[in-house]
Amino acid sequence: MAGICGVVDFEGRLGLNEKRTALRDMSAAIVHRGATERRFFVGAEAALAVRLPAGPDSPHADSTETEAPDTAVACVLGGVLFEAPEMDGVAPDGPGMTSAEGLITEIYRNSGDGFAGLLNGEFAVALWDGEKRRLILARDRMGVQPLYYVVSGGLCLFASEIKALLAGGLVKTEVNVPAINDLLSFGYVPHPETMFKDILQVDAGSLLDVRCESAKSRHYWRFGFDDSAFRAL
């Protein structure tokens, strides 16, 4: 299943121990997504974690922690990439990352914001660029892998499940009142809203670019429908 979560502190509100505690509690909330846990602390701002299910390479519960310099690029991947022969022989570009995560960071270095459109799979990706001080959240084209986030007061938290965001103790649990009307009217809450105030979803086929002063979302892919065949009938 796999799952990701993280905290980015753009304004230095939290100490290292506070980020460490928040990340640990967020990750523990999604332990059902994987017994193997990896945590990354990049400089003074970013703290990322990923949960992976047990497999041949990680048969037992495990927890590892890595620290990287301020300018490092770090990536956590929830889900899988398909049809990526380029991954063969690609060394992880940074401590503690898998070859798939190393491939994503390499594509990002070569293609910039266009990296998400070059990925094929079911994925939720969080990529922190320490040099540019930006967090990029990307979700697969059909939105198979969930990804939620909240941006408030110089902090950005993200996770595969809302309960992980709440477990960090940094997000207020307020009801999104307009969403109640949407749920009763439509039977669901339209994207990107959720039932919690200020907690949003990353749209399918889109990426969210979060910096100190802004959080901007844009689609890297949209479903295209060619009706020319029907017009010819």
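Modeller: Strand E8 (148–152) and strand E9 (155–159) each supply at least two residues to the lining of the second largest pocket. This is a predicted model, in which local features need pLDDT of at least 70 and side-chain atom pairs count only at pLDDT 80 or more, while totals for chains, interfaces and linings use all residues. Residues are numbered from 1 along each chain as its sequence is written, and side-chain values use heavy atoms, with hydrogens and water left out.

Biologist: What makes a run of residues a strand or a helix?

Modeller: Both are DSSP runs numbered from the N terminus: helices (H or I) need at least four residues and strands (E) at least two. The chain has 5 helices and 12 strands.

Biologist: What makes a set of points a pocket, and what counts as its lining?

Modeller: On a 1 Å grid over the protein atoms alone, a pocket is an open set of points with protein on both sides within 12 Å along at least five of seven lines; a cavity is a set where a 1.4 Å probe fits but cannot get out. Lining residues have an atom within 4 Å of a point. For the second largest pocket, they include Arg13, Val150, Leu170, Lys197 and Asp198. E8 gives the largest share of this lining, 3 residues. The volume of the second largest pocket is about 190 Å³, a volume being the space filled by probe spheres set on grid points that are joined across faces, edges and corners.

Biologist: How many residues of that lining are nonpolar, polar and charged?

Modeller: The lining has 6 nonpolar, 1 polar and 5 charged residues. Ala, Val, Leu, Ile, Met, Phe, Trp, Tyr, Cys and Pro count as nonpolar, Asp, Glu, Lys and Arg as charged, and the others, Gly among them, as polar.

Biologist: Why is the pair Arg20 and Glu67 called a salt bridge?

Modeller: The rule asks for a side-chain nitrogen of Lys or Arg within 4 Å of a carboxyl oxygen of Asp or Glu. Arg20 and Glu67 have an N to O distance of 3.7 Å, so the pair qualifies. Arg20 lies in helix H1 (residues 16–28) and Glu67 in strand E4 (residues 62–68), so the pair ties together parts that are 47 residues apart in sequence. By this rule the count comes to 14 salt bridges.

Biologist: Which residues are linked with these two in a network?

Modeller: The network of salt bridges links Arg20, Glu37, Arg39, Arg51, Glu65 and Glu67. Within it, Arg51 and Glu37 meet at 3.8 Å, N to O, and Arg39 and Glu65 at 3.3 Å, N to O. Arg39 is in strand E2 and Glu65 in strand E4, so this pair ties together parts 26 residues apart in sequence.

Biologist: How do you know whether Glu37, Glu65 and Glu67 are buried, partly exposed or exposed?

Modeller: Buried means under 20% relative accessible area, exposed over 50%, and partly exposed in between (1.4 Å probe, protein chains only). Glu37 has 4%, so Glu37 is buried. Glu65 has 38% and is therefore partly exposed, whereas Glu67 has 55% and is therefore exposed. Arg51, at 8%, counts as buried, and so does Arg39, at 12%.

Biologist: What percentage of the chain is buried?

Modeller: Buried residues make up 47% of the 233 residues in the chain.
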